[in-house]
Protein chains: 2
Amino acid sequence: MTALPLAAGREKIGFAGLDAFFHPRAIAVIGASPQKLTIGHRILENLAAYGFPGPVYPVHPTAGAVNGLRAYRTLREIDGPVDLAHIIVKSAMVLDQLEECAHKSVAAVIVNTSGFREVGSEGEERERRLAERARELGIRVFGPNCQGVISTDPACPLYSNFTFARVRPGVVSIVAQGGGVGEVVNNELQERGVGLRMYASNGNACDVSVPEILEYFGADDGARVIVLHVESIPDPRRLLEVARAVTRRKPVLALKSGTTREGAKAVASHTGGLLEEDATADLVFEAAGIVRVRSTRELCDAASALSRQPAARGRRLAVLTNAGSPAICATDEAVNRGLSLPEPSAGTKAELRASLFATASLHNPVDMMATATAREYGAAIRALLGDPGYDALLVSFITPFFVDCEAVAREIVAASAGARIPVVANVMASPEREEVVRILEAAGIPSFYHPEAAAGAAAALSRAGEMMRRTDEPGRVELSRVDESGGRAAVESALARGGGWLDPAEAFALASSYGIPVPEWGSAATPEEAAAEAERIGFPVVLKAVARDLVHRSDEDAVVLDLRDRSNVLAAAADLLDRFARRSPSLVVQKQAPAGTEVLVGAAAVANLGHTVAFGLGGILVEAVNDVVFGLAPMASQDAERMIGSIRGARLLEAGRGKPGADRAALVDLLLRVSRLVTDNPRIRELDLNPVIARPAGEATMAVDVRARVEAR
Amino acid sequence: MTALPLAAGREKIGFAGLDAFFHPRAIAVIGASPQKLTIGHRILENLAAYGFPGPVYPVHPTAGAVNGLRAYRTLREIDGPVDLAHIIVKSAMVLDQLEECAHKSVAAVIVNTSGFREVGSEGEERERRLAERARELGIRVFGPNCQGVISTDPACPLYSNFTFARVRPGVVSIVAQGGGVGEVVNNELQERGVGLRMYASNGNACDVSVPEILEYFGADDGARVIVLHVESIPDPRRLLEVARAVTRRKPVLALKSGTTREGAKAVASHTGGLLEEDATADLVFEAAGIVRVRSTRELCDAASALSRQPAARGRRLAVLTNAGSPAICATDEAVNRGLSLPEPSAGTKAELRASLFATASLHNPVDMMATATAREYGAAIRALLGDPGYDALLVSFITPFFVDCEAVAREIVAASAGARIPVVANVMASPEREEVVRILEAAGIPSFYHPEAAAGAAAALSRAGEMMRRTDEPGRVELSRVDESGGRAAVESALARGGGWLDPAEAFALASSYGIPVPEWGSAATPEEAAAEAERIGFPVVLKAVARDLVHRSDEDAVVLDLRDRSNVLAAAADLLDRFARRSPSLVVQKQAPAGTEVLVGAAAVANLGHTVAFGLGGILVEAVNDVVFGLAPMASQDAERMIGSIRGARLLEAGRGKPGADRAALVDLLLRVSRLVTDNPRIRELDLNPVIARPAGEATMAVDVRARVEAR
């Protein structure tokens with residue numbers, strides 16, 4: 001077979017985004033099989049069962065027909081245009097079929113065949129060639145080693161996938177890196193009656209990526225909620241950029257698995273990828289406005305709620321119940337997930353008191369007791385929905401045998417109609433609940449059996465609302481006293497000698513060029529020079545030995561503190577030069593900073609993302625307890641504020657016990673400068689300001705030690 | 001009505017434990033009602049439907065018959081004996097009916113009626129009188145404001161409860177303080193086909209308590225698993241003692257709600273109890289061997305697994321799957337819950353390699369790929385069950401359309417038969433799974449839809465095994481140099497003046513009497529005396545001002561460190577006496593301890609329990625990050641070891657970076673002495689040794705400040 005010149009691809013019609021996958025005019029199945037229980041048969045069955053409106057062409061070398069459709073020996077024999085082709089032939093034959101697709105001007109292929117990157121180096125090479133050739137030919141590829149796509153868009157219903165789930169149209173779109181997890185979630189949502197808009201599982205993702213699918217689903221007005229499963233994030237920067245735009249318009253829920261070391265090892269083994277750290281996923285999701293969930297169950301609960309109810313405008317939850325104990329389980333879960341349960345307003349309490357039994361509890365949860373009927377439910381729901389102090393309502397109902405439960409259900413629906421805030425239900429516990437659930441769900445009120453599930457769903461509604469409302473678009477923060485060229489020079493001089501750790505003088509220069517306050521300092525080669533520098537700077541001073549391989553200076557006793565006069569400096573300098581003599585040392589002399597609260601500020605490069613920025617308490621004792629939080633560069637002021645406020649020991653920075661607090665504005669400024677420094681200088685792999693001595697406002701907060709490492713690539 | 005003298009109660013037959021509730025010969029329903037949809041009718045229906053074998057007597061003032069049974073106007077009219085009576089009359093009438101029960105020699109009553117402690121002070125008084133009178137009459141009371149009991153014991157099937165759940169016999173017994181949560185759990189377990197042994201929800205629990213029911217279920221051989229729901233733990237010591245014995249024989253799973261402040265407030269409002277701290281519940285459950293779960297869903301998952309599978313002998317989980325991504329979700333969850341996933345042994349890998357496809361991944365999870373059939377499942381399960389490196393097996397199966405799924409299910413059952421370790425299954429995702437689940441469940445293999453649920457169940461099996469195997473019966477630890485009478489004298493002298501904080505001299509004396517090392521010290525009233533004491537003790541010394549209301553000495557600058565000569569002491573003493581002159585100060589002089597790692601050891605009294613013991617890093621910086629762990633006195637050495645090892649900053653106590661580690665044995669000894677001190681002296685409300693200076697072995701680890709507070713009651 002001769003490879004086709006690139007030009008032939010141009011005969012295809014122009015598809016926007018991934019339209020060739022989700023709105024093809026005609027589909028070919030290369031590797032169609034007359035044998036039932038094969039992928040090459042199942043896809044034809046699925047396309048037929050879900051009523052794909054265009055022609056479907058089985059391609060098979062010998063069979064005249066497959067699944068009642070005329071079969072073609074080759075793609076070329078097909079008369080009309082083909083926009084999308086499944087390739088289900090052996091992995092070694094996939095590339096040939098790709099060339100055939102190019103001849104036929106196929107715009108998009110779904111390579112279901114496995115045996116690529118996931119099976120080791122030979123498969124990896126095969127996948128690399130597939131992706132490269134597809135790019136040359138201008139063909140977009142889903143997979144290889146993937147399920148494919150599903151769409152319930154009435155304009156083009158399409159089940160181009162070999163799984164089996166009974167889907168019905170809905171507003172949730174699913175993109176799942178893991179096909180198994182995709183099936184678990186899709187099937188459960190269908191069983192809950194939630195419905196599906198589009199589904200994509202792109203397996204090894206050699207071409208079409210998860211962010212690209214997310215972007216496509218984001219632009220699809222038929223999708224109101226997007227559910228995402230990922231195991232690795234090969235291009236976090238792209239995911240971040242895409243999701244940031246999508247999540248302002250609609251909620252994106254994500255489950256990232258491989259969060260433990262063992263799970264990440266299994267991901268690497270399962271996908272043929274590299275071992276990835278989970279640590280940055282939270283930062284990416286947070287910055288992207290993605291609501292992260294922790295299990296498939298939680299994912300389904302949240303998707304179920306968001307598909308029927310609006311996101312909440314805040315975190316204030318009202319809980320209404322006819323049974324105390326399940327409402328308490330819901331309360332615990334809601335609070336653990338960041339919701340608050342404020343008391344009803346005085347007016348609302350008066351309304352409730354007028355409508356409910358005298359024994360009802362008018363706090364939050366509002367407990368109407370088991371005898372509450374439709375009348376009480378209706379009155380209480382109306383009262384709570386009318387209270388501007390709430391952002392969401394959780395209606396808890398345990399079906400008592402002595403109450404007309406269906407009447408209660410109908411009244412919950414009636415009273416919630418047109419509510420300005422979302423409503424979720426927790427319906428328990430007897431078999432009699434089933435009809436209640438049916439009535440509520442039919443009216444779009446998501447109903448959960450477990451109190452914690454309902455509370456978790458309410459929390460997801462609130463979190464999604466926060467994400468959609470957020471305004472923290474990180475832009476270029478204006479900072480005075482930034483000398484970009486000075487910073488670049490420091491980095492380039494280190495790169496010029498092959499990279500690695502900057503020496504202290506370079507590191508101080510780097511920090512200073514970005515306006516990061518450091519103590520006055522100077523270099524010296526001899527004790528005499530050190531003493532002269534000390535006298536220039538003013539006592540007390542700190543003396544540090546400097547050598548290429550001397551990084552952990554404190555551990556190696558290469559730092560002498562609190563030198564108060566010339567003779568001390570001479571003696572300490574001579575001692576340092578003597579002790580490290582074999583390592584050709586020089587010296588740095590710096591002004592000793594006054595005491596203060598020690599914190600640390602750092603940055604680290606993350607592949608394909610940029611840098612994370614760290615903030616924590618400093619000093620050896622506190623480092624041992626690891627009180628450090630992270631953010632993503634570039635940061636805005638509020639990111640820095642949030643980080644400083646969210647360490648466990650945050651109160652050490654506050655005023656109290658007769659002491660002034662640390663200068664928060666100075667710390668925010670310092671974090672922003674570090675963020676800017678590493679963003680401007682991507683070759684910096686690590687930057688550590690540790691300790692930074694935090695001082696009260698009006699006094700200089702400064703970094704008394706700066707370490708930095710650069711790498712050419 | 002005349003109150004019956006106590007003697008009449010003696011005509012009852014002697015029931016052991018709660019047998020009168022669970023094995024009554026005859027039952028009366030006082031407040032039986034001919035009206036359907038009332039509690040007084042429903043209980044009669046339930047008793048009839050579940051075939052209670054003895055006579056049931058409706059008591060109703062006018063109806064001749066209720067639910068097809070002859071009704072009696074009063075209890076006295078009944079001819080035969082009555083062992084158990086429901087009381088469903090208005091709350092104001094309950095006491096009268098209790099007297100009637102005494103006349104009839106009724107042994108046990110279930111007061112379903114509400115309107116007691118949960119409705120405020122009037123109800124509280126009514127409940128107090130009910131409990132008191134029942135005690136006088138020798139009648140045991142369930143409730144008031146409760147559901148009642150259920151039993152499926154074939155010797156006496158009994159549905160003495162107004163809820164409705166379709167129960168069938170099983171091995172799980174449920175005791176639920178919250179009736180609603182009890183229903184949620186019971187109903188779900190029944191829907192999962194797990195079955196019930198006994199059920200009890202005792203509402204306000206004015207007499208029969210949760211620990212008493214737990215003890216009864218513990219002694220019942222028909223119960224293999226006990227499920228517990230509590231909202232408050234009014235008598236934690238009793239729960240601890242009872243559970244400690246039960247959990248060696250069978251697993252006890254507990255959900256404690258009201259864990260958040262908001263939840264606890266709702267509990268107080270709902271039960272009419274006091275606001276309780278959740279903090280000690282973990283300690284009580286841990287010490288009692290109870291497996292704590294965090295939600296109703298997790299409770300049902302764990303109960304479902306433990307009812308069919310043995311507890312695991314360790315934490316090493318093997319995961320076998322035909323789909324990568326769900327197994328990774330299971331791996332994450334398992335690891336997060338403390339399980340490990342070791343690699344298969346070389347021999348096991350060889351076996352797996354011989355049986356599975358070449359593309360299978362032979363790590364853990366073992367991923368056989370989607371094409372695995374019954375043959376591969378069988379071979380792999382046999383190989384993994386034969387590997388002594390595993391304590392539990394999780395079989396994950398996503399039902400592919402091209403595999404004979406029922407054959408796989410049958411093979412999972414066959415290969416797991418007689419396994420020496422527990423097996424749980426995760427069966428996903430198409431509707432075709434239902435038959436697979438049916439086959440597995442029928443064979444006693446608990447099957448879960450969500451990967452995380454299966455992993456959570458495996459973790460519960462492991463945790464239950466740990467609890468059943470534990471040997472840490474805390475006894476009286478032998479400690480040398482304990483002068484109990486000296487300790488008692490210090491406490492009593494403080495109590496004699498009305499309690500409150502001990503002064504530093506008393507506190508040092510208290511600690512010393514239990515062999516807790518403190519620095520050499522002395523008291524002084526004047527600068528001259530202080531100087532003399534300092535010279536006796538040896539420099540450097542620390543000087544502290546002492547006054548009744550001076551507790552937070554560091555905050556008030558009432559401590560002067562590092563006094564190196566007589567003149568320093570004179571000056572510092574004069575200054576302290578001057579600054580605190582209005583508070584009639586005296587002085588304590590103590591030897592300044594050498595530097596070391598600062599830790600804190602403390603103890604606090606908990607109502608009806610004893611004392612908790614705290615251990616953490618000391619010093620103001622570290623206290624701010626709150627790196628403190630707790631234990632329960634009296635403690636054994638391994639408790640102290642565990643505490644010291646489980647602070648976040650534990651590595652600060654270890655040797656490293658050229659420094660010797662802290663003397664662990666000395667810290668363990670110190671914790672045990674504190675535990676013994678507070679156990680011997682229950683009037684101590686708080687004891688704080690902060691800081692304790694931890695030093696390397698061979699040097700004195702000592703408490704340089706000791707604060708203690710005592711209260712008469």
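Predicted model: local features only at pLDDT ≥ 70, side-chain atom pairs only at ≥ 80, totals over all residues.

Modeller: Residues are numbered from 1 along each chain as its sequence is written, chains are lettered from A and ligands numbered from 1 in the order in which they are written, and side-chain values use heavy atoms, with hydrogens and water left out.

Biologist: How do you know how many residues of chain A and chain B take part in the contact?

Modeller: Contact means heavy atoms within 4.5 Å. By that rule, chain A gives 77 residues and chain B gives 77 residues.

Biologist: What makes up the area buried between chain A and chain B?

Modeller: Buried area is the accessible area (1.4 Å probe) that two parts lose on being put together, summed over both. Here that is about 6,500 Å², with 62% from carbon and sulfur atoms. On the chain A side, R297(A), I328(A) and F401(A) lose the most area to chain B, together 11% of what that side buries.

Biologist: Why is the pair E191(B) and R433(A) called a salt bridge?

Modeller: The term needs a side-chain nitrogen of Lys or Arg within 4 Å of a carboxyl oxygen of Asp or Glu. The closest N and O atoms of E191(B) and R433(A) are 2.9 Å apart, so the pair qualifies. Between chain A and chain B the count is 4 salt bridges.

Biologist: Why is T331(B) called buried?

Modeller: Buried means under 20% relative accessible area (1.4 Å probe, protein chains only). T331(B) has 0%, so the label holds. Leaving aside neighbours within four places in sequence, T331(B) is in contact with T260(A), E262(A), G263(A), L341(B) and P365(B). The T331(B) side chain also reaches the backbone oxygen of A327(B) at 2.8 Å.

Biologist: Which residues of α15(A) are buried, and what covers them?

Modeller: Helices here are DSSP runs (H or I, at least four residues), and strands are too (E, at least two), numbered from the N terminus. In α15 (residues 433–442) of chain A, the buried ones are R433(A), V436(A), I439(A), L440(A) and E441(A). Their cover includes α10 and β17 of chain A, together with α5 of chain B.

Biologist: What makes a nonpolar core, and which members touch the most others?

Modeller: The core is a set of buried Ala, Val, Leu, Ile, Met, Phe, Trp, Tyr and Cys residues joined through side-chain atoms within 4.5 Å. The largest has 100 residues; F615(A), L687(A), L689(A), F615(B), L687(B) and L689(B) touch the most other members.

Methods
Buried < 20%, exposed > 50% of the residue type's maximum accessible area, 1.4 Å probe, protein only. Polar contact = N/O pair within 3.5 Å; in protein donor to acceptor, adjacent residues only side chain to side chain.
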